[in-house]
Amino acid sequence: MRTVVSRLIHSRSSLPRLLKGRYLSTDSSKVDEPFKVGEAETVNIPPPPTEKLLVLGGNGFVGSHVCREALDRGLSVASLSRSGRSSLHDPWASNVTWHKGNLLSPESLKDALDGVTSVISCVGGFGSNSYMYKINGTANINAIRAASEQGVKRFVYVSAADFGVVNYLLRGYYEGKRAAETELLTKFPYGGVILRPGFIYGTRSVGSVKLPLGVIGSPLEMLFQHTRPLNQLPLVGPLFTPPVNVTAVANVAVRAATDPVFPPGIVDVYGIQRYNQKSK
């Protein structure tokens with residue numbers, strides 16, 4: 001024991017001489033020996049992954065607002081539609097990568113899905129029952145399956161609220177929408193979000209004409225906020241579903257596509273309004 005203590009004392013007493021000698025000099029006239037530092041090995045570290053969003057139907061009324069919202073958030077944005085590049089001449093349109101393709105031909109999706117982390121589908125349309133089922137159902141089902149096979153993390157589908165008796169008049173439209181919803185919840189159980197807005201209002205461009213739908217939609221949205229109990233009436237109740245601004249739909253759609261903690265499942269019009277208010 002004494003030998004160990006003696007060695008410790010000896011080593012401690014020799015420490016100042018070591019510091020004063022080779023490793024540290026308090027004499028400003030002396031120059032310390034430089035430390036020899038080997039050259040560090042260069043490691044190529046990839047940059048952090050960039051969120052890339054693909055908007056299906058990005059040159060439409062809702063889709064164009066989704067593209068703009070995503071760009072405002074600093075995302076890399078691409079769009080796929082049958083007509084390709086948007087006819088809009090707004091400055092933001094030049095920052096979108098435009099793809100021309102048809103969702104009824106799934107192979108046209110391959111290039112557009114390259115590097116994509118999330119998808120928002122705004123694809124829909126009206127016509128005969130068979131046509132409406134094909135556009136609202138089959139086309140979106142093809143997109144959901146292709147995105148799943150490509151490893152896309154999140155998929156947001158802009159669907160539609162139930163309108164009671166209207167559902168029977170537009171049977172192909174709603175049957176197509178619900179078939180696409182079922183496929184989405186199956187393929188993306190943890191990253192699939194379905195938005196069910198009612199009437200979507202905002203300034204809509206039809207050729208060179210701009211239709212200010214907000215003139216009707218905005219007052220109705222305020223009015224129907226006070227008639228929510230009527231929404232529970234059988235058959236006609238859903239007709240009291242409040243309209244919603246297109247910017248609110250775009251805001252919530254982009255958030256749902258990029259926020260990993262956004263809960264999967266169905267978001268009705270009241271949920272869209274609530275999430276939009278939280279974002280503000």
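## Cysteines

C67 is buried (under 20% relative accessible area, with exposed meaning over 50% and partly exposed in between, for a 1.4 Å probe and protein chains only), its relative accessible area being 0%. The model is a predicted one, in which local features need pLDDT of at least 70, side-chain atom pairs count only at pLDDT 80 or more, and totals for chains, interfaces and linings use all residues. Residues are numbered from 1 along each chain as its sequence is written, and side-chain values use heavy atoms, with hydrogens and water left out.

The cysteine sulfur closest to that of C67 belongs to C122, at 7.7 Å, which is too far for a bond. Taken from C122, the closest cysteine sulfur is that of C67, again at 7.7 Å and too far for a bond. With a disulfide defined as a pair of cysteine sulfur atoms within 2.5 Å, the count is zero.

## Overall architecture

The protein has eight helices and eleven strands; these are DSSP runs, H or I of at least four residues for helices and E of at least two for strands, numbered from the N terminus. Of its 280 residues, 43% count as buried.

Contacts (heavy atoms within 4.5 Å) with a separation of 6 or more come to 66% from residues 24 or more positions apart. The protein exposes about 16,700 Å², of which carbon and sulfur atoms supply 57%; accessible areas come from the Shrake-Rupley method with a 1.4 Å probe, and for residues only the protein chains shown count as cover.

## Aromatic pairs

The structure holds four aromatic pairs, where rings of Phe, Tyr and Trp (its six-membered ring) pair if their centres lie within 6.5 Å, planes under 30 degrees apart being stacked, over 60 edge-to-face and the rest tilted. One of them joins F155 and F188 in a tilted arrangement, 5.7 Å centre to centre with 45° between the planes. This pair links distant parts of the chain, 33 residues apart: F155 belongs to strand β5 (residues 154–158), and F188 to the loop between α5 (171–187) and β6 (192–196). F155 and F188 are both buried.

Y173 and Y174 form an edge-to-face pair, because their ring centres are 5.1 Å apart and their planes stand at 75°. Y173 and Y174 are likewise buried. Ring pairs also bring F126 into a cluster with Y173 and Y174.

V152 is found in the loop between α3 and β5 and is buried, at a relative accessible area of 7%. Not counting residues up to four places away in sequence, V152 touches L113, V116, T117, S118, V119, A147 and F188; F188 is also the ring partner of F155. V116 and V152 are 36 residues apart in sequence, and their C-alpha atoms are 6.4 Å apart.

N142 lies in helix α3 (residues 129–150). Its relative accessible area is 15%, so N142 counts as buried. Leaving aside neighbours within four places in sequence, N142 is in contact with L103, L104, P106 and L109.

## Helix α8

Helix α8 (residues 269–279) has V269, Y270, G271, I272, Q273, Y275 and N276 as its buried residues. At the start of α8, the backbone nitrogen of Y270 has a side-chain oxygen of D268 within 3.1 Å.

R274 lies over the face of Y275, 5.8 Å from the ring centre; a charge sits over a ring if NZ of Lys or CZ of Arg is within 6 Å of the ring centre and within 35 degrees of the ring normal.

Definitions and conventions. A polar contact is a pair of N or O atoms within 3.5 Å; within protein, one must be able to donate a hydrogen and the other to accept it, and residues adjacent in sequence count only if both atoms are side-chain atoms.
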